[in-house]
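User: I would like to learn how to read the features of a structure, one at a time. Please give the general idea, then the case at hand.

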Amino acid sequence: MSRAAQVLVIGVGNRMRSDDAAGLEVIDRLRALPREQLGPAVRLCEHEGEGLGLLAIWESTAAVVLVDAIEGASQPGSLVRIDASTEPVPASARSGSSTHAVGVVEAIELARALGRLPARVVLCGVVGARFEAGERLSAHVRGAIPALTEMVLAEVSGLGGGVPPGAGGQA
Amino acid sequence: MSAAGPGGREGPITRVIRTDYLARVEGEGAMYVRLEGRSVAEVKLRIYEPPRFFEALLRGRAFTEAPDITARICGICPIAYQMSSVRAMEDACEVAIDHGPLRDLRRLIYCGEWIESHSLHVYMLHAPDFLGYAGAIEMARDHREIVEQGLQMKKAGNSVMALVGGREVHPINIRVGGFYRTPTRAELQTLSEPLQGALQTALATVRWAAALPFPDVQREHELLALSEPGSYAVDLGEIRSAGGLEFGPGAFDEHVVEEHVERSNALHARLSDGGTYLVGPLARYALSSQLLRPLAAEAAREAGLGPSCANPFRSIVVRAVELVHACEEALAIIERYEEPDAPAVEVTPRASVGHGATEAPRGLLYHRYEIDEQGTILDAKIVPPTSQNQLAIEEDLRAVVEDSLDLPDERLALRCEQAIRNHDPCISCATHFLKLTVERG
């Protein structure tokens, strides 16, 4: 386990798929923070959500926070937190970016089946309103990005990276 | 999935099979089959087409922006979109990068994308069809080694993409005229070890795939692919067909017509004589199998593939052979690589129209741009492989249904899904939701 990447935060999505860009927007915000707020053990990356690629990227990482748009029945803009470390991801939480046959949820379950799941895997999601081709987030999702960023920061802090939210700077 | 209506005693009775989500194809879409008695009355594969959005988005943008914008169309094959776009822009500006280290680097990163995309399809999407699993997760529990092989291949492809493309996802190092930064020889050498490992895995994969149980199906499609003398064409060449057509990318619009179909936002491509055609691994293999690198050619022979393969179910073997070829090709490029004097050649815009065609993992990908003297894009046209294959896939579906009328609905629906997956449709390039419906009447 590399000391340089104790917590890997993966923003999943496509900037040309409307609300699917939510996870990438969060990564943009985290990158804009003072580096000390994230701490040296946190690594940020973007991914379009193809499952085998995710397995390759999080290999030998102890803790992963996935940030993604969720296609769901609840109100667009609602935040969702799923701890996938020990329990299967509920089928109801299908990721909006999984226009791929092996998407984020499948990657998690595939890794679990192979014994390749990082010790901690937390999915921070926001329920999207639309996923068609387009460059803009819906108002619901845009309004939820600050809270989603705070949620990710809290998760990172709890996993041993960064400092608790509110202890310095703002998301 | 739902089913309605058993077979009838008198007169045609309708059977309906409906699947709301077609698994294990990239993206989502819809399929509909209607049977009248024992005859197939209608087959429709319905897809929607985001490239129209990107074509509109490109208008008014600088010609230098096309590779980065079009790379966003598909997360699986961004290099293909970048390569067809830079080829088209260079064509418009009368610049040719057809040999030397810049060309080699382009082909190298393209090999990386073939390795990544084919690995995903062979091990994760197609293998479960032959081993009898609903998907990769279920398969992984019993056949861990297959998924591990896929992961190893994927990582080898990733390493090429990360080094040459600047990062693993949505590469940022490709530009009109070449690259922003070219790797040193020593940097490229670091790819040798993972690619040697991938080559051995790919060879084993051909042997494994060749022994899978295949239905005895022969489909005679007109086949269209790039062709380059002395090379299994990837990033450059003329377009040829098995039936004797031969034309440059600049004449694509004369030979291929796109038509709107009521059921779909997509444009369906046909040859100008009205015929349907197939692009992708089976087409490439039929037109260029004699130009495979030595280990790939030997693996193909041992696998029992002749000079062409007309059984779409065996496309998994052809993809595995292309995996071998891509690894060999990448290793050969790394071996002979000399660092270029400059990472890119200068490209000065001029008012013109440019065409670019390259071989995406799923087949021929055509771009055409009209730009003005400042390099502003006035018009853009993108024809992805899945749009071109749509009608040929419908023909395969019709044949599969006719051959499998006596199967119960659920198994028939699965057979239809398999017939679609044979062609690895990248529906994320060309659609949003795939639903499967079979009606029997």
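Analyst: This is a predicted model. Start with one cysteine: B:Cys309 is buried, at a relative accessible area of 9%.

User: How many disulfides does the structure hold over all chains?

Analyst: Zero, over all chains. A disulfide needs two cysteine sulfur atoms within 2.5 Å. For B:Cys327, the closest cysteine sulfur is in B:Cys111, 8.4 Å away, which is too far for a bond. B:Cys327 is also buried, with a relative accessible area of 0%.

User: Next, the nonpolar core. Which residues of the largest one touch the most other members?

Analyst: In soluble globular proteins, nonpolar side chains tend to be buried together. Here the largest nonpolar core has 132 residues, and A:Ile10, A:Trp58 and A:Leu66 touch the most other members. Helix 4 (residues 100–131) of chain B supplies the largest share of this core, 15 residues. Another core, of 29 residues, lies apart from it; among its members are A:Val7, A:Ile145, A:Met151 and A:Val156.

User: What is A:Leu66 in contact with, leaving aside its neighbours within four places in sequence?

Analyst: The contacts of A:Leu66 beyond those neighbours include A:Ile10, A:Val12, A:Leu54 and A:Trp58. Also among them are A:Val104, A:Ile108 and A:Cys124.

User: How should I read a helix, such as helix 3 of chain B?

Analyst: Check its length, then its cover. Helix 3 (residues 78–92) of chain B has 15 residues; at 1.5 Å a residue these should span 21 Å, and the end C-alpha atoms are 21 Å apart, so the two agree. As for cover, 14 of the 15 residues of helix 3 of chain B are buried. After this helix comes B:Glu94, with a positive phi near 55°.

User: Is B:His355 buried or exposed?

Analyst: B:His355 counts as buried because its relative accessibility is 16%, and the cut-off for buried is under 20%. B:His355 belongs to strand 13 (residues 352–360) of chain B. Its side chain makes a polar contact of 2.7 Å with the side chain of B:Tyr366. Leaving aside neighbours within four places in sequence, B:His355 is in contact with residues including B:Arg87, B:Ala88, B:Asp91 and B:Pro249.

User: Now a sheet. In what order do the strands of the open four-strand sheet in chain B stand?

Analyst: Strands of a sheet pair through backbone hydrogen bonds, either parallel or antiparallel. In this sheet of chain B the order is 9-8-7-12, and the pairing is mixed. Strand 9 (246–247) and strand 12 (277–278) of chain B are at the edges; each has a single partner strand, so one side of each is left without a neighbour in the sheet.

User: Which pairs run parallel, and which antiparallel?

Analyst: Strand 7 (residues 222–227) and strand 12 of chain B run parallel, joined by two bridges, and B:Glu222 stands opposite B:Tyr277. Strands 7 and 8 of chain B run antiparallel, with four bridges; there B:Leu224 stands opposite B:Ser241. Strands 8 and 9 of chain B also pair in the antiparallel sense, over two bridges, with B:Phe247 as the bridge partner of B:Ile239. Strands 8 and 9 of chain B form a hairpin with four residues between them, and B:Gly244 in its turn has a positive phi of about 110°.

User: Which residues make up the covered face of strand 8 of chain B?

Analyst: In a regular strand the side chains alternate between the two faces of the sheet. In strand 8 (residues 238–241) of chain B, B:Ile239 and B:Ser241 make up the covered face, while B:Glu238 and B:Arg240 form the uncovered one.

Definitions and conventions
Residues are numbered from 1 along each chain as its sequence is written. Chains are lettered from A and ligands numbered from 1 in the order in which they are written. This is a predicted model: local features need pLDDT of at least 70, side-chain atom pairs count only at pLDDT 80 or more; totals for chains, interfaces and linings use all residues. Side-chain values use heavy atoms; hydrogens and water are left out. Buried means under 20% relative accessible area, exposed over 50%, partly exposed in between (1.4 Å probe, protein chains only). A nonpolar core is a set of buried Ala, Val, Leu, Ile, Met, Phe, Trp, Tyr and Cys residues joined through side-chain atoms within 4.5 Å. Contact means heavy atoms within 4.5 Å. A polar contact is a pair of N or O atoms within 3.5 Å; within protein, one must be able to donate a hydrogen and the other to accept it, and residues adjacent in sequence count only if both atoms are side-chain atoms. The expected span of a helix is 1.5 Å times one less than its number of residues. Two strands pair if DSSP finds at least two bridges between them.
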